[in-house]
Amino acid sequence: MKIKKDILAPELPVVGAVLIVYTATIFFQDRANWNLNSILGFSFLIVLHAALYLCRKVLFKNRLGIYFFVQGILIFLLSLVIKELYQAAYLGLIPLIISQCIHLLKDRIKIMSAVLYYYGIYMFTGILFDGLRNGLYALSLLMLISSAMLAYGYFYTRQLQAHEKTQSLLYELESAYDKLEAMTREAERQKLARDLHDTLSQGLAGVLMKLEASEVHLENGNLEKSREIIRSTTRQVRCNLNEARAIIQDLRLCREDSKNLRTAIDQEIEYFKNETQLLIAGNCSGELSVNTTLCKNVLYIVREVLVNIKKHAKASKVLINITLEADRIYMRIEDNGIGFACSRPGTSYGHYGLIGLKERAKAIHGELTIESHAKCGTCITLIVPV
Ligand SMILES: Nc1ncnc2c1ncn2[C@@H]1O[C@H](COP(=O)(O)OP(=O)(O)OP(=O)(O)O)[C@@H](O)[C@H]1O
Ligand SMILES: [Mg+2]
């Protein structure tokens, strides 16, 4: 989502008004006395005056005093070029510049000084060209027009402020949206990393171990054992391939089917029993159908815990207690292996299983506890409300 940054610049309507003053002044010029030089001079000064409106932010950044002074001088020069029509130009241009003063200066004293400056120019020109009496009369007319402009300027400024506020809210909304998008991307990346770890990476690591074992048996001439390992490896590769396909299907279809968690966990435990020679007690009890996400997360947590026991624990006994209840899933898997210091999981390269456990538990609002001490075995507990 991209929001257009620039709203209609407030200078544009003012420049439009300057052009109207210009056209009207030229229009009222007595055609019999048309003087090409004065029209050209007037046009040039008007263009300069309008250009300063547009380029103020660039040319007079933080120097508004100079800006308003220069605009006053330009207006005065205009009057010198078109003497007989100076009033028309002044009555149009001075209220415009005064309304800009109010909008930009904000400080009352500065505004008053600017107003006096422009009235002064007007008075001076009026007295210069028409004498004192006419000058004073024209000044009162200018004041009347300026008052109307002041009221217009006030409402215009308020409208502008409301517009700016809306704009800044839109920017905030845009940046919040960007942050949300980044967070979503980050969450998706982590989810993919976990799935890759718990399926392909675990699978390939298992295949590698088995192939290495098979090679050792081959070298020792134990063909039958080697053949058996290769058969089991083939089964495992098929299984991993199916899982990879399931992940791809999930990503493509975003389906949330109902899955029998008991069957999935039983298969996992059965596989673990076949793959290790450990003494395994306990099982999974209860029946529960859950959505794909919950099923996948619980299953991969169980798998990672079991794979870690197989890979690292050097245990002789494993106790599995998984209970599937209507309102919660309870898992406790304990080994009597070498244990480890579990203070900083997931901080070293190539070891992402434990951090994945924590992230998965969090994703399903579960409570995960890892208790392990060197030489005292490991016990991992998970409680998930359903
Ligand atoms: N049951 C366990 N018994 C003993 N040590 C364990 C056990 N579980 C984990 N560990 C230790 O914790 C470390 C981190 O485990 P983790 O699962 O995060 O990574 P990994 O198994 O080494 O690699 P990965 O899971 O990414 O393939 C392991 O390297 C191991 O030293
Ligand atoms: Mg691991």
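Biologist: Where is Leu 354 placed?
Modeller: Leu 354 is in helix α9, residues 353–363. Helices (H or I, at least four residues) and strands (E, at least two) are DSSP runs numbered from the N terminus. This is a predicted model, in which local features need pLDDT of at least 70 and side-chain atom pairs count only at pLDDT 80 or more, while totals for chains, interfaces and linings use all residues. Residues are numbered from 1 along each chain as its sequence is written, and chains are lettered from A and ligands numbered from 1 in the order in which they are written.

Biologist: Is Leu 354 buried or exposed?
Modeller: Leu 354 counts as buried because 20 C-beta neighbours lie inside 10 Å. The cut-offs are 20 or more other C-beta atoms within 10 Å for buried, 12 or fewer for exposed, and partly exposed in between, with C-beta atoms placed from the backbone.

Biologist: And how far is Leu 354 from Ile 301?
Modeller: Their C-alpha atoms are separated by 9.1 Å, although the two residues are 53 apart along the chain.

Biologist: Which residues are closest to ligand 1?
Modeller: Leu 354 is one of them, together with Asn 308, Ala 313, His 351 and Gly 353, and 17 residues surround the ligand (C-beta atom, placed from the backbone, within 6 Å of it).

Biologist: Which helix supplies the largest share of that shell around ligand 1?
Modeller: Helix α8 does, with five residues. Both α8 (292–313) and α9 supply at least two residues each.

Biologist: What about Lys 314; where is that residue?
Modeller: Lys 314 sits in the loop between α8 and β4 (317–324). Its phi is near 55°, a positive value in a residue other than glycine. Most residues other than glycine have a negative phi.

Biologist: Which other lysine has a positive phi, near 70°?
Modeller: That is Lys 375, in the loop between β6 (367–372) and β7 (378–385).

Biologist: Why do Lys 314 and Lys 375 count as exposed?
Modeller: Lys 314 is exposed because it has 11 other C-beta atoms within 10 Å. Lys 375 counts as exposed because it has 9 C-beta neighbours inside 10 Å.

Biologist: A change of topic: how is the protein chain divided?
Modeller: The chain has domain 1 (11–176) and domain 2 (257–386), with bounds from an automatic or database domain assignment. Taken over C-alpha atoms, the centres of domain 1 and domain 2 are 78 Å apart.
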